[in-house]
4 protein chains.
Amino acid sequence: MSTTRVGVLGATGAVGQRLIQLLDPHEEFEVAALSASSASAGKTYREAAKWRVDTPIPESVADMTVVETDPDAVPDDIDLLFSSLPSDIGADVEPEFVEAGYVVSSNSSNGRMDDDIPLTIPEVNADHLGLIEVQRDERGWDGALIKNPNCSTITMVPALAALDEFGLENIHVSTLQAVSGAGYSGVTSMEIIDNVIPHIGGEAEKMETESRKLLGSFDGAGVDLHEADVSASCNRVPTLDGHLENVWADLAADPDPADVVEAFESYPSVDLPSSPDQLIEVFDEPDRPQPRMDRMLGDGMAIATGGVESTADGIQFNCLAHNTMRGAAGASVLNGELLLEEGYL
Amino acid sequence: MSTTRVGVLGATGAVGQRLIQLLDPHEEFEVAALSASSASAGKTYREAAKWRVDTPIPESVADMTVVETDPDAVPDDIDLLFSSLPSDIGADVEPEFVEAGYVVSSNSSNGRMDDDIPLTIPEVNADHLGLIEVQRDERGWDGALIKNPNCSTITMVPALAALDEFGLENIHVSTLQAVSGAGYSGVTSMEIIDNVIPHIGGEAEKMETESRKLLGSFDGAGVDLHEADVSASCNRVPTLDGHLENVWADLAADPDPADVVEAFESYPSVDLPSSPDQLIEVFDEPDRPQPRMDRMLGDGMAIATGGVESTADGIQFNCLAHNTMRGAAGASVLNGELLLEEGYL
Amino acid sequence: MSTTRVGVLGATGAVGQRLIQLLDPHEEFEVAALSASSASAGKTYREAAKWRVDTPIPESVADMTVVETDPDAVPDDIDLLFSSLPSDIGADVEPEFVEAGYVVSSNSSNGRMDDDIPLTIPEVNADHLGLIEVQRDERGWDGALIKNPNCSTITMVPALAALDEFGLENIHVSTLQAVSGAGYSGVTSMEIIDNVIPHIGGEAEKMETESRKLLGSFDGAGVDLHEADVSASCNRVPTLDGHLENVWADLAADPDPADVVEAFESYPSVDLPSSPDQLIEVFDEPDRPQPRMDRMLGDGMAIATGGVESTADGIQFNCLAHNTMRGAAGASVLNGELLLEEGYL
Amino acid sequence: MSTTRVGVLGATGAVGQRLIQLLDPHEEFEVAALSASSASAGKTYREAAKWRVDTPIPESVADMTVVETDPDAVPDDIDLLFSSLPSDIGADVEPEFVEAGYVVSSNSSNGRMDDDIPLTIPEVNADHLGLIEVQRDERGWDGALIKNPNCSTITMVPALAALDEFGLENIHVSTLQAVSGAGYSGVTSMEIIDNVIPHIGGEAEKMETESRKLLGSFDGAGVDLHEADVSASCNRVPTLDGHLENVWADLAADPDPADVVEAFESYPSVDLPSSPDQLIEVFDEPDRPQPRMDRMLGDGMAIATGGVESTADGIQFNCLAHNTMRGAAGASVLNGELLLEEGYL
C-alpha cells in the first residue's frame with residue numbers, strides 16, 4: 001500500500017492544528033511538509049505552533065521543520081496540499097502553488113465562488129470536481145484547486161440537499177455559532193461571557209451564496225446556482241465547538257415530518273475514510289441536537305438534525321455540525337480523499 | 001397625592017422578586033401584601049424569599065409577613081394584585097381573586113389566549129382593555145384580569161407593530177433566550193455551559209399565537225387575530241438576562257431599511273411611569289444589540305433593535321429586550337399603570 | 001477467563017451513569033444488576049435514567065431492568081457492588097448489603113471516617129484494605145465495605161503522599177471545583193454564569209479529615225491519622241469537569257522544586273486495569289494544568305500537577321484531576337479492581 | 001466652588017474607559033485632556049476609543065480631541081493626571097510628565113516598589129504620601145508621582161490591615177480573578193470557557209511585594225516593609241468583573257472569628273468622594289461574597305468579606321473587590337482625591 005505525501009499550508013493556526021490532528025495518523029495520507037509565515041520558517045513545528053488542541057501534539061510532526069509558504073520552499077514530491085491560510089494570503093499564494101503543479105484542497109474562503117473552482121462536499125456534489133478540467137483549460141494550470149465551503153454553510157447543506165426531492169424553495173436560517181469558528185483569538189472573553197453577538201462579518205453572505213453553488217448543477221462547463229433564495233442571520237454564542245442552526249425550508253411539495261426524517265436518514269454517505277457511515281442523523285428528542293452533546297457524532301463528521309416540524313410553506317428543523325472538524329479541517333481532508341479516489345493525485 | 005395599595009401573588013419566585021425590586025419605590029404603587037405558598041405563609045418575606053436579585057432586599061418589604069395565596073388571606077383594601085404565580089396555580093386561583101373583586105395584572109401564562117381576557121402591551125394595544133367589559137359581562141366578575149404576554153413574544157411584537165404600516169405578512173423568528181427566563185433553577189449549569197438547547201417547551205407556540213392576538217384588532221366584542229403566519233424556533237443560550245431574536249418579516253410593501261428604521265424610531269411610547277421615552281431604539285452597528293450590553297436600555301423597558309436589512313420578501317432585523325424586566329415583571333407593572341390611568345382601579 | 005459480575009447501586013444518578021460508562025466494557029467486570037429508587041424499579045435502564053453522559057448509552061445495559069436498592073432485589077450471584085447512592089441512603093442501605101454478604105465499593109460519603117472502614121486510593125494506601133478483617137470481626141459481616149474519598153480529596157492526596165518523604169507538615173489548599181461535582185442539577189446556571197461560589201457545604205471538612213486518614217498508617221488494628229494540619233477553602237467555578245487545586249505544603253526538609261518534580265514523577269502507580277501508567281504528571285508550563293485541557297490525562301485517571309515552586313516553609317503547586325472519573329466513578333472501579341486483585345471477591 | 005481640571009493618560013484602554021466613566025461627573029474633577037497613542041491623536045475620543053463600558057459614552061468627553069501622550073501635547077492648566085498607561089510606556093513617560101511639573105496618580109505597575117514612590121490606598125496608608133517630599137528631594141521633581149497597587153493586592157490589603165492589631169504573620173492567598181483584569185482582549189474565549197488558568201504572569205509577585213509595602217510603616221524617609229511573608233497563587237476564572245480571594249492569615253494573637261468580624265467592620269473608611277461609607281463589609285452567609293452578586297457593593301469601592309473561620313495558626317476568610325473599580329480606575333481616582341485633600345494639587 002502506497003501512501004500519499006501531503007503538506008499543510010498555514011499549519012500553525014487553529015484549522016492547521018486540527019488538520020495535523022486529523023492526519024495523525026491517516027490511512028492514506030502522510031504529513032511531509034508544513035508551512036507557515038516567514039516568522040515561523042526554520043523552527044520545529046513544536047516551537048512554531050502554540051499547540052492548543054486537546055490531544056497531545058503528534059510526535060511524528062512535532063520535530064518537523066516548518067518552511068515558508070512558498071512553492072519553492074515546499075518539496076516537489078508532495079502530492080497534495082491542504083490549505084488553511086488566511087483568505088487574503090490564500091488568494092495570493094494558492095494560485096502560485098497550483099501553477100507550480102500542486103493539487104490544493106483549501107479551506108480558505110478566497111475564490112470559493114469563482115466560476116471554475118470546485119466548491120465541494122463529497123457526499124453532496126462530488127461531480128463538481130469536473131470543474132478542474134475547466135480550470136486547467138482556462139488558467140493553464142497543471143495542478144488543481146478545490147475548496148470546501150464555510151463551516152456554517154456545510155452544516156445545513158447536506159440536509160437541504162436531502163430536501164431537494166421535495167422541491168426546495170426559499171430558505172431562512174439562523175445560526176448559533178461557536179467561538180472556535182473565529183480562530184483561537186477571534187472572540188475575546190469580554191465579548192462573549194454572558195453575551196451573544198448577533199453578527200459575524202461576511203458570514204451570512206457566504207451562507208447565502210455558497211449554498212446555492214453547492215446545491216447547483218454542473219453541466220460540464222460550469223455550475224448553475226440553485227434557484228433557492230437563502231436568507232441568513234448569524235450569531236456568535238458562548239460555545240466552544242459546534243454550530244447549531246435553525247432552518248426553515250419552503251418546499252414545493254408538502255411532505256410530512258416523517259417523510260423528511262426518512263429523506264434525511266436515507267441520504268447517502270460516500271465511501272471515503274473520513275466520511276461517516278450515516279451522514280445525517282435525526283434526533284427524536286425535541287431538545288437535541290445540542291452542541292456539547294452531539295458535535296462529535298460520527299467522529300465529528302456527521303450532521304445532526306432534529307426538531308423536524310411542518311410549517312405553512314414547508315418544513316423547519318435544526319442542524320448541527322462540528323465547525324472545525326466537518327466544517328473546516330475535516331472538510332478539507334475529505335475533499336483530499338475524494339481527489340485521491342477520483343484519480344486527481 | 002394618594003397611593004395605590006398593591007399586592008404581589010407569588011412574591012418569592014424569580015419574577016416575584018423582580019416585581020418587589022421594581023415596586024421599591026414606585027411613584028404610584030405601594031406594596032401592601034405578599035402571597036406565596038402555604039409553606040411560606042406566616043414567615044417574613046426575608047425568611048420566605050431566598051433573595052437573589054443583585055440589589056439588596058428592600059427594607060420596606062423585608063419584614064412584611066407573607067400570606068397564603070388565597071382571597072381570604074389578602075387584605076380587602078388592596079387595589080391591584082400583580083400575579084407571578086406558576087401557570088397551573090394561576091389558572092385555579094386568579095379567577096377566585098377576580099371573583100372576589102380584585103383587579104389582577106398577571107404575568108402567568110394561563111388564559112392569555114382566552115377570548116375575553118385582555119393580553120396587552122400598553123404601547124401596542126391598550127385598546128384591548130375594552131375586553132374587561134366583555135369579561136365582566138360574561139363571567140359576572142367585579143374585578144378584572146389582564147395578562148401580559150410571554151417574554152419572547154414581548155421582545156418582537158413592538159417592532160412588528162411598527163412594521164404593520166408596510167403590510168405585515170409572514171414572520172420567521174429565531175430566539176436566543178437567557179436562562180433567567182426559566183426561573184432561578186430552570187436551567188442547570190450542566191445543561192448550558194458550552195452548550196445551547198434548541199427547544200423550550202411551549203415557547204414557540206406562545207410566540208406564534210400571542211403575537212397574533214397582540215397585533216389583532218378589537219372591535220368592541222372581541223379580538224380578531226392578525227392574519228400573519230408566525231413560525232418560531234426557540235433556543236436557550238448561556239446568557240443571564242436578555243432575549244435576543246432574529247426576525248424575518250415578509251411585507252406587502254417594499255420599504256427601504258431606512259424606512260423601517262424610521263418606523264421603529266417613531267413608534268410612539270406611552271406616558272406611563274415605567275414606559276421608556278423611546279420605545280424602540282435602533283443600533284447602527286451591525287453587531288448590536290447584544291444582551292449584556294443593551295438589556296438595560298430604557299431601564300430595562302426599551303426594545304433594542306439592529307441589523308435591519310432588506311430581504312427578497314420584506315425585511316430582517318434583530319431585537320432584544322430584558323426578559324424579566326420588559327418581558328415579565330416590568331410588563332405586569334406597566335399593565336398595572338395602564339389600568340390605573342384608564343380608571344379601572 | 002472468568003468475569004466478575006457486578007452491580008451498580010444508584011445507577012441512574014450522575015456518578016452512576018459514569019460508572020455504567022466506565023464499565024462498558026471492562027476487562028474484568030460485567031454489569032449484571034442496576035438499582036435505583038423504587039420509582040425507577042421495574043423500568044428499563046433506558047427509561048429510568050435520563051442519560052446525560054456525552055457518549056451513547058451502552059446497549060448492553062440499556063434494556064436491563066432496574067431493581068430496587070434492596071438486598072432482596074439484587075441477584076445473589078453478584079460478586080461486587082459499586083455504590084453511588086446519596087449518602088443518607090447509603091448510610092442506611094450499604095450496611096444491609098454487606099450484612100447480606102455483598103462486597104461494596106462505595107463512592108458515598110457516609111462512613112468514610114469510621115475506624116473500621118477502609119478509605120483507599122490503590123496507589124496510595126492499598127494496605128488499608130486490612131481494615132476489612134477488623135470490620136468483619138467487629139461487625140460480624142460476611143461481605144465488606146470500602147470507600148473511596150471525596151473528589152477534591154483524591155485530587156491532592158497522591159501528590160501529598162509523594163511529598164511525605166520530605167516530612168509533610170501543614171497544608172493549605174484552595175479548590176476551584178467543577179459543577180459536575182454537585183450532580184447534574186446541583187448548581188443552577190443562574191448561580192454560576194459569570195460567578196464563583198466560595199463555599200461548598202461539608203467539602204472543606206472532608207478534605208481536612210479524609211486526607212489525614214488516607215496518608216495515615218495502618219498498624220493491623222486501625223489507622224493512625226497523619227499529623228499534618230490541613231486547612232481547605234473550597235470554591236465552585238464555571239467549569240464542567242475537573243477540580244483544580246492550589247496547594248501549599250509545609251515540609252520539614254527543604255527540597256528544591258526539581259526534587260519535588262522528581263518525587264511526583266517517580267511516585268509509583270499500580271498494575272490495575274484503570275490505573276494510569278504514570279500516576280502524577282508534571283507540567284513545565286506555568287499555566288498548566290488546566291481543567292478543560294488536562295482533565296482527560298491518563299483516560300481521566302491521572303493526577304496533573306504544575307506550578308511547583310519553593311515557599312518560605314516548603315512548596316506550593318497546583319494539581320488537577322477529573323472529578324467524576326478519578327474523583328468518583330473511576331475511584332470506585334479502581335477500588336473494585338484492587339479488591340479483586342487482593343482476593344476479596 | 002472651583003473644580004480641578006484633570007487629564008487621563010491612556011484614555012482609550014479598558015482602565016482608561018473606566019476612568020472616564022467614573023469621572024463623568026465627579027464632584028471635584030473635570031476631564032479636560034485625554035491622551036492615547038499617536039495613532040489615536042487628533043481623533044475625537046468617540047472615534048479613538050471603541051467604547052465597551054456598559055453605560056453610554058459620556059457626551060462631555062465624546063467629542064474631545066485626543067492628544068498624544070507627551071507633556072508638550074497636554075495643556076499646562078491640568079492639575080492632575082490619571083495614568084492607565086501600559087507599564088512599559090508608563091515607565092518611560094510618567095517621569096517626563098512629573099519632571100514637567102504634573103501630578104500623576106497612576107495605575108500602571110511600573111515603579112510601584114521604588115523606594116521614593118508612594119504606593120497608597122487612602123484608607124490604609126495615606127501617610128505614605130510623605131514620600132512625595134523624598135521623591136522631590138531625590139529626583140528634583142516639581143510634580144509628584146503616586147501609585148495605586150495591583151487589583152489583586154488591593155482586594156486583600158484592607159482586611160489584612162484590619163488584622164494587624166492581632167499580630168499579622170504569614171499569609172497564604174489564592175485568587176480567582178475576573179477576565180477584565182487582563183484588559184479587553186487579554187483573555188480569549190477559547191482559553192477560558194469551561195476552563196481555569198492557574199497562572200497570571202507577574203501577579204503573584206505583585207501581591208507578595210506590594211502588600212508588604214502597603215502594610216509597612218513610613219518613618220519620614222522611607223517605608224519599612226511589613227515583615228509578613230506572603231505567598232500567592234493566582235488563577236483566572238470565567239467571570240467578567242470581581243476578584244475573589246481565599247486568604248489564610250497567621251496571627252500572633254488568637255482572636256475569635258467574632259473578633260475578626262468586629263475588626264473588619266470597624267476598620268475606618270476615609271471622607272473622600274469615592275470612598276465607601278463602610279470600607280469592609282462582612283457577610284454572614286458562608287457562600288458570600290460572590291463576584292456577580294457583590295462586586296458593586298459600595299458603588300464598586302467596598303471590600304466584601306465572608307467565610308471568617310479560625311485555623312490552627314490564625315484565621316481564614318474570603319474577600320472580594322471590583323477589580324476595575326476599587327482595583328484600578330477607582331483606586332486612581334481615590335488617590336487623586338487624597339492628593340487634593342492633602343494639598344498636593
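In the predicted model, chain D contains an open sheet of six strands, ordered 10-7-11-14-13-12 and with mixed pairing. Its edges are formed by strand 10 (230–236) and strand 12 (280–282) of chain D, each of which pairs on one side only. From one strand to the next, the twist averages 25°. Within this sheet, strand 7 (residues 168–177) and strand 11 (residues 243–251) of chain D are paired in the antiparallel sense, with seven bridges between them. In this part of chain D, D:Thr175 lies opposite D:Glu245, a residue of strand 11. Helix 9 (residues 203–214) of chain D packs on the sheet and touches strand 7, strand 10 and strand 11 of chain D. The direction of helix 9 makes about 140° with that of strand 10 of chain D.

The interface of chain A and chain B was characterised by its contacts and buried area. In chain A, 41 residues are in contact with 41 residues of chain B. Between them, the two chains bury about 3,200 Å², with 51% of this area on carbon and sulfur atoms. The residues of chain A that lose the most area to chain B are A:Asp194, A:Trp248 and A:Arg292, which together account for 20% of what that side buries.

Two salt bridges are found across it. A:Asp194 forms a salt bridge with B:Arg295, in which the closest N and O atoms are 2.8 Å apart; A:Asp194 is also among the residues of chain A that lose the most area to chain B. The side of chain A that touches chain B draws at least two residues from each of strand 7 (168–177), helix 8 (189–192), strand 10 (230–236), strand 11 (243–251), helix 11 (291–294) and strand 14 (314–321) of chain A. Strand 7 of chain A provides the largest share of that side, five residues.

Key:
Residues are numbered from 1 along each chain as its sequence is written. Chains are lettered from A and ligands numbered from 1 in the order in which they are written. This is a predicted model: local features need pLDDT of at least 70, side-chain atom pairs count only at pLDDT 80 or more; totals for chains, interfaces and linings use all residues. Side-chain values use heavy atoms; hydrogens and water are left out. Two strands pair if DSSP finds at least two bridges between them. Helices (H or I, at least four residues) and strands (E, at least two) are DSSP runs, numbered from the N terminus. Axes are lines fitted to C-alpha atoms, for helices over the stretch in contact, and angles run from 0 to 180 degrees between N-to-C directions. Contact means heavy atoms within 4.5 Å. Buried area is the accessible area (1.4 Å probe) that two parts lose on being put together, summed over both. A salt bridge is a side-chain nitrogen of Lys or Arg within 4 Å of a carboxyl oxygen of Asp or Glu.
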